[in-house]
Amino acid sequence: MLTCDICAEDFLLEEDLKTHLLLSHEENAMSCPLCPLSGVSYDELCFHVSSAHPEEQRPTQSRSEFPEEQNLNQFRCASGSSGGTNAEDTEDAESSLSRSCSMEGAVAGVNTDSVETGGVCPSPGGTAPVSVSPQKPKTRTEFSLSSKAKKKRLSSPRKDHLQLSCPLCALVCSNSFILQEHVELHLIEQRSPEGASQEAGSPAVKSSLSSGSPSEGRRFECPLCSLLCTDSFSLQEHVELHLDHGAAALSSGGPGSDLELAQRLQEEEEQRRKQEEAWQEREEFKKLQRQFGVDSSGGYSRQMERTMERAVARGLMDPAEFHSKRAEIKESLASGMDDGRTRTCGVIRALYEYYQTDCRDCIHVWLSAETDHFCSSTGDKGWGCGYRNFQMILSSLHRIDTYAPVLQERTVPSIPQVQRMIEEAWREGMDAQGALHFDHRLQGTRAWIGATEIYSLLTSLSISAHIVDFHKPTGPGDTHPRLFEWVKQYFSQSSSNKLPPRLVQTSLPPLYLQHQGHSRSIIGLEQKKNGSLCLLLLDPASTVSEARKLLSRDSVGSALRCVRKFSSGLKHTQYQVVALQGVLSAEEKQISILNSRTLCAERIP
């Protein structure tokens with residue numbers, strides 16, 4: 001049996017019911033029994049009654065499926081549309097009419113408390129009051145069922161009308177009034193925590209959450225814990241809880257107390273300072289490595305090749321000449337001997353002849369044994385002064401009978417060979433601290449050497465040497481008069497107590513003079529008539545042409561200007577001198593090697 005939801009008429013076949021609906025109930029001819037709304041379809045009217053008049057619905061048993069349809073049937077029967085009436089229809093009509101009156105009274109400002117509690121309401125015409133039965137409040141179960149019914153009917157809107165989309169979900173409505181009531185239903189559900197909690201497990205809500213529909217609204221993220229809140233008020237309360245908890249922890253002296261916070265900040269600042277200092281130390285160490293040639297950037301051979309390559313690129317050297325010179329350099333380095341290109345012989349003899357005839361303002365002149373001058377080349381320019389000074393000293397030792405027996409060869413080694421000799425001295429146990437400073441490696445580097453390396457090298461050759469340290473100035477204007485006096489004593493030690501002659505050529509080797517950044521060789525000393533002293537120095541930085549000017553009688557006077565150094569010309573803070581004192585026996589050499597582990601210089605003053 002099929003029943004019409006509008007007029008409650010029964011039909012046997014579905015075709016009869018459809019014909020009845022088309023003939024008796026025209027589409028969009030429905031009107032609301034509780035308000036002036038009219039001209040809507042059946043589905044729209046049902047939704048309007050359920051959303052706009054939820055308080056007038058009463059869960060009564062009828063043949064209709066939804067409460068809204070029951071109210072609509074009551075209204076139809078009360079209006080006397082067709083057919084006769086019975087007692088039940090009359091009672092339903094009176095109930096619908098009373099609800100209509102209560103709604104109109106509410107709109108007009110009439111107190112509806114009497115209506116809800118079983119009072120009376122004036123009739124539409126104002127002639128006689130109509131009694132109204134008390135209405136039972138809607139329960140939670142009814143509210144949930146009503147919401148489910150609304151969503152079920154709204155899930156399939158009509159497609160032949162105007163399409164209006166809900167801004168909070170994916171529903172499409174065909175009428176602006178329906179859309180407005182639908183949005184109001186959203187707001188009612190949000191304000192009702194009971195309805196929200198009961199509908200949380202419904203399929204419609206689950207589908208909305210799973211599909212990420214716009215009904216979720218905007219999310220506000222907590223800046224302290226990344227919690228998502230639905231509105232700004234909840235976010236504000238949540239953040240205030242964070243602040244209250246932090247204030248409570250600070251007041252109670254917990255982990256976030258002022259003392260621990262200050263300690264943590266101090267530790268972080270200390271750690272940051274240590275990191276900055278470590279980084280600065282690494283950068284300074286790299287600069288020192290580049291400055292002293294221990295940064296693995298190539299040694300003597302590589303520097304000479306680069307210099308010749310630049311000369312070829314600038315057109316100053318032919319490619320054929322480049323390959324010829326490179327072959328000669330490799331051959332010389334393979335032999336271990338110096339090629340003699342930077343060597344100037346006969347310097348001391350030329351100075352001796354000059355002082356015999358000229359320079360009458362000197363009352364005394366002391367000269368060392370015959371020494372050759374070695375200047376820097378393209379392969380060691382900027383860092384090879386220590387090696388060149390050792391070559392000068394070694395050239396003098398070859399001419400002194402005291403040192404000749406301990407020197408197996410009469411040749412002067414090249415700079416790479418001198419580097420190998422120093423490494424061999426380290427392997428014998430000489431100057432362990434100095435070896436560690438250079439990482440036990442000099443070959444293939446441009447590392448600078450100083451007084452300690454010269455001492456180690458001479459000791460390994462069984463030559464007695466010691467270091468004298470003039471660690472601070474001893475005269476006015478940061479001068480070192482004690483250094484000049486010490487050099488005078490060194491060269492005059494072979495003289496007798498008698499008054500020495502004006503010019504003396506000793507059999508002593510030259511002295512190695514070291515200061516910050518450079519080293520030279522002391523080959524003699526002048527004493528002027530006014531008592532001032534002047535050192536005679538051979539500088540590896542001088543070129544071959546400048547050194548050979550000393551050999552010419554016409555130019556030796558002017559060339560001496562580069563050799564003489566008065567006290568006012570030596571103003572470095574510290575100077576070190578390496579002096580030779582004879583040869584060592586095997587036992588004395590072992591003692592010197594053991595003493596070099598704690599190598600100490602003689603400090604003057």
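A residue is termed buried when its relative accessible area is under 20%, exposed when this is over 50%, and partly exposed in between, with a 1.4 Å probe and protein chains only. By this criterion Phe438 is buried, with a relative accessible area of 9%. The structure is a predicted model, in which local features need pLDDT of at least 70 and side-chain atom pairs count only at pLDDT 80 or more, whereas totals for chains, interfaces and linings use all residues. Residues are numbered from 1 along each chain as its sequence is written, and side-chain values use heavy atoms, with hydrogens and water left out.

The structure holds six aromatic pairs; rings of Phe, Tyr and Trp (its six-membered ring) pair if their centres lie within 6.5 Å, and planes under 30 degrees apart count as stacked, over 60 as edge-to-face and the rest as tilted. In the pair formed by Trp426 and Phe438, the ring centres are 5.7 Å apart and the planes lie at 20°, so this pair is stacked. Trp426 belongs to helix H16 (residues 415-427) and Phe438 to the loop between helix H17 (432-437) and H18, so the pair ties together parts that are twelve residues apart in sequence. Helices (H or I, at least four residues) and strands (E, at least two) are DSSP runs, numbered from the N terminus. Trp426 is likewise buried, at 6% relative accessibility.

The rings of Trp486 and Tyr490 are also stacked, because their planes are at 5° and their centres 6.1 Å apart. These two residues are four apart in helix H19 (residues 481-491), and are therefore separated by about one helical turn.

Helix H22 (residues 586-595) has Lys589, Ser592 and Ile593 buried. Seen down the axis of H22, the buried residues fall within an arc of 100°, so they line one face of the helix; the arc is that of the directions from the helix axis to the C-beta atoms. Helix H18 (451-460) is included in what covers these buried residues.

Gln303, in helix H12 (residues 300-313), is buried at a relative accessible area of 13%. Beyond its neighbours within four places in sequence, Gln303 is in contact (heavy atoms within 4.5 Å) with Thr378, Gly379, Asp380, Lys381, Trp383 and Arg446.
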